[in-house]
Amino acid sequence: MLSPSNINDPELVALASKILADSGFDIRQYKERPLKRRLAVRMRSCQVGSYEEYRQKLKDDPGEYIKLLDALTINVTKFYRNAETYLAVFDRVLPIILEESKSSPVRIWSAGCSSGEEPYSLAIMWREFSLARGLAMDCNIYATDIDLRILEKAQAGIYPRSSMDEIPQNLAGKYFEVRNDKYHISPQIKDMVKFDKLDLFSRYPYSQLDLIFCRNVLIYFSRQTQEDIFYKFAQALRAGGFLVLGKVENMFGQMKDTFVSFDVKERIYRAVK
């Protein structure tokens, strides 16, 4: 169960309660300092000076919720971001998953998928892995985010040149079509990914997953909330399933007994059950 709150400021608690009641988004799970920094961005934009005034702003202008969600959720991502992590998964993780899957479709979840670069990169990676081994094995890739607007962008599958900085050029040429200086993901990759709205604080609809990618998402949450989410990830993975975190994220607390490190540098862990 998630901890009830990570914030102590009474005015901020009241604002958090309103946001939770109106939108279902529980900002109480964020670390207090980064939460305040992001709220300050919206409060300056709205020209209000207190959490009470911002609470009234949300009441008077429900459209502000969309801008608030954008400020709270970080949507910075690229294809093959930290390409060395994808290389480690390709070379060392996928062969194990293939061996242990016993001909069942492989199941991968991109948790906090933002605008889709990560799950599409995972689809490309699996496609290349399959082709190299002459496999015709299915791979189901689930991609979730709390932000409906960013999910619409992900489903469109159209990207600016800046999203392509880190993907190997041979893969960019193979899986994208360039039209009007925009990169359109190929239908064969697009069809491999299923997008859904999901709050990481809610119940997960997945089980027996082979691999979860959740990179540079949990760092903004409190330690207790991170531990709660790690526990839920462990429940969603099969025994021996893999979890990939961001380069600055770590496993800690009781979860060290639930996950074992597989690649320290690339923050790859395996679930122990």
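Q: How many helices and strands does the chain have?
A: This is a predicted model, in which local features need pLDDT of at least 70 and side-chain atom pairs count only at pLDDT 80 or more, while totals for chains, interfaces and linings use all residues. Residues are numbered from 1 along each chain as its sequence is written, and side-chain values use heavy atoms, with hydrogens and water left out. Helices (H or I, at least four residues) and strands (E, at least two) are DSSP runs, numbered from the N terminus. On that basis the chain has 10 helices and 10 strands.

Q: What is the radius of gyration of the chain, and what does the globule rule give for 273 residues?
A: The radius is taken over C-alpha atoms, and the globule rule is 2.2 Å times the number of residues to the power 0.38. The two values are close, so the chain is as compact as a globular protein of that length.

Q: What does the C-alpha trace span along its principal axes?
A: The trace belongs to a chain of 273 residues. Its spans along the principal axes are about 60 × 50 × 30 Å.

Q: What percentage of the residues in the chain is buried?
A: Buried means under 20% relative accessible area, exposed means over 50%, and partly exposed lies in between (1.4 Å probe, protein chains only). Of the 273 residues, the buried share is 53%.

Q: What percentage of the contacts with a separation of 6 or more is between residues 24 or more positions apart?
A: A contact means heavy atoms within 4.5 Å. Among the contacts with a separation of 6 or more, residues 24 or more positions apart account for 74%.

Q: Is A143 buried or exposed?
A: A143 lies in strand β2, residues 139-145. Beyond its neighbours within four places in sequence, A143 is in contact with S110, C113, P119, V193, K194, F195 and D196. Because its relative accessibility is 0%, A143 counts as buried.

Q: Is F25 buried or exposed?
A: F25 is found in the loop between α1 (10-23) and α2 (32-46). Its C-alpha is 28 Å from that of R267, and the two are 242 residues apart in sequence. The relative accessibility of F25 is 6%, so F25 counts as buried.

Q: What is the phi of N82?
A: N82 lies in the loop between α4 (64-72) and α5 (83-101). N82 is partly exposed, with a relative accessible area of 22%. Although N82 is not a glycine, its phi is positive, at about 55°.

Q: Where is D181 found?
A: D181 is a residue other than glycine with a positive phi, near 65°. D181 counts as partly exposed because its relative accessibility is 46%. Its place is the loop between β4 (176-179) and β5 (182-185).

Q: Which residues does T258 touch, not counting those up to four places away in sequence?
A: T258 is found in the loop between β8 (237-245) and β9 (259-263). T258 has a relative accessible area of 19% and is buried. Its contacts are A234, R270, A271 and V272.

Q: What distance separates the C-alpha atoms of D165 and Y30?
A: D165 is in the loop between β3 (158-159) and α8 (169-175). At 51% relative accessibility, D165 counts as exposed. D165 and Y30 are 135 residues apart along the chain, and their C-alpha separation is 30 Å.
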